[in-house]
Amino acid sequence: MSTAAIITAAGRGTRAGGDLPKQWRLLGGRSVLARAVAAFDFCDRIVVVLHPDDMGRGLQEFGGRVTLVAGGDSRAESVRNALESLDGAGISHVLIHDGARPLVDRALIDRVLAALHAGAPAAAPALPVTDALWRGADGLVAGTADRTGLWRAQTPQGFAHDAILAAHRDHPGGAADDVEVARAAGLPVTIVAGSETNLKITWAEDFSRATKLLGDAMDVRCGNGFDVHAFCAGDHVTLCGVRVPHDRGLLGHSDADVGMHALTDAIYGALAEGDIGRHFPPSDPQWKGAASEIFLDHAVKLAAERGYRVTAADVTLICERPKIGPHAVAMQAELSRIMGLEAGRVSVKATTSEQLGFTGRGEGIAALATVTLVAP
Ligand code: MG
């Protein structure tokens, strides 16, 4: 089964307060929409439906990782545009998710997928209504309603792609959600257990609640790394991925990039995953002369597999020569590229040791690094 996620975020809802539409407001340092999209990273394709005015912002936020589709005049039209964009793309199932539900968790998504896997043409999460239901008029209770058999619908709603695309093509419009479209086409929709934390951000107080839920779940880790390489004969050194001309080289099994090694070890440290030597043994000839980018990329991916992202990295190079200052911006850019982290979260700085010790005597270069990792 190949699965695509369609994240709808074409609305301009500002009921949640602020000047920005709610999907672009920050929640724990990331936009609401970025959090919703990240929950579906495991899917084969991700399509994000945006208001036509937001396409530039979407490109900036997601780059080429997701397909951006312009929304239509109604929610149903927006979803249909996304479904049409997947037609013929070899997608068997789609998960249609509201971009204003940033806290959806993998267990809930897996319940929807399990129902589809078991053969259901449609499945959606919901919670039974537990509060008493009233009708009200003029501020007074005008009657009560029976809550038996009533459910509060959530997303992602999952469907066989061809079936829901056909259902949308046939639907006259005006449906509240895709389950209504599916049912109009005669598709049975399986209910799976929703989650109270999968809240839809609508009002300002929802932001406070989501921030609190996130705070309860957020795991922040720190790691530090230290590395030293000795000078040897040569005409350049490689530091933080940048080739710096010098009258000596650095001795090492790989490219001896002492800054990138310290940074990589800091990430492994935060994950309690040892150091570079554990993952890339120096005894293994395949890493001889290797570009250290391989190590850093591995550490960042290992963090992502564990549900962490690097949120800040700070590298200090310690040497008398070569002068680091003229290359620091290029080093910052290179580390930022490899880690997929915005440059404003990556620091490269340098100091001397006042001509004291081995770095002061010009025998080698030392590097220190500190990183923070955050989940989710
Ligand atoms: Mg090293």
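Reader: Hi! Is histidine 261 buried or exposed?
Author: Histidine 261 is buried, with a relative accessible area of 7%. Buried means under 20% relative accessible area, exposed over 50%, and partly exposed in between, with a 1.4 Å probe and protein chains only. This is a predicted model, where local features need pLDDT of at least 70, side-chain atom pairs count only at pLDDT 80 or more, and totals for chains, interfaces and linings use all residues. Residues are numbered from 1 along each chain as its sequence is written, and side-chain values use heavy atoms, with hydrogens and water left out.

Reader: Thanks! Which residues coordinate the magnesium ion?
Author: Asp227 (OD), His229 (NE2) and His261 (ND1) do, at 2.1 to 2.3 Å. Donors are N, O and S atoms within 2.8 Å of the metal (3.2 Å for Na, K and Ca); water is not among the atoms, so sites may look incomplete.

Reader: New topic: which strand pairs with E13?
Author: Strand E13 (residues 219-232) pairs with E19 in the antiparallel sense, over twelve bridges. Two strands pair if DSSP finds at least two bridges between them. Aspartate 219, for one, has alanine 375 of E19 as its bridge partner.

Reader: How many bridges join E17 to E19?
Author: Nine, and E17 (residues 309-318) runs antiparallel to E19.

Definitions and conventions:
Helix = DSSP H or I, 4+ residues; strand = E, 2+ residues; numbered from the N terminus.
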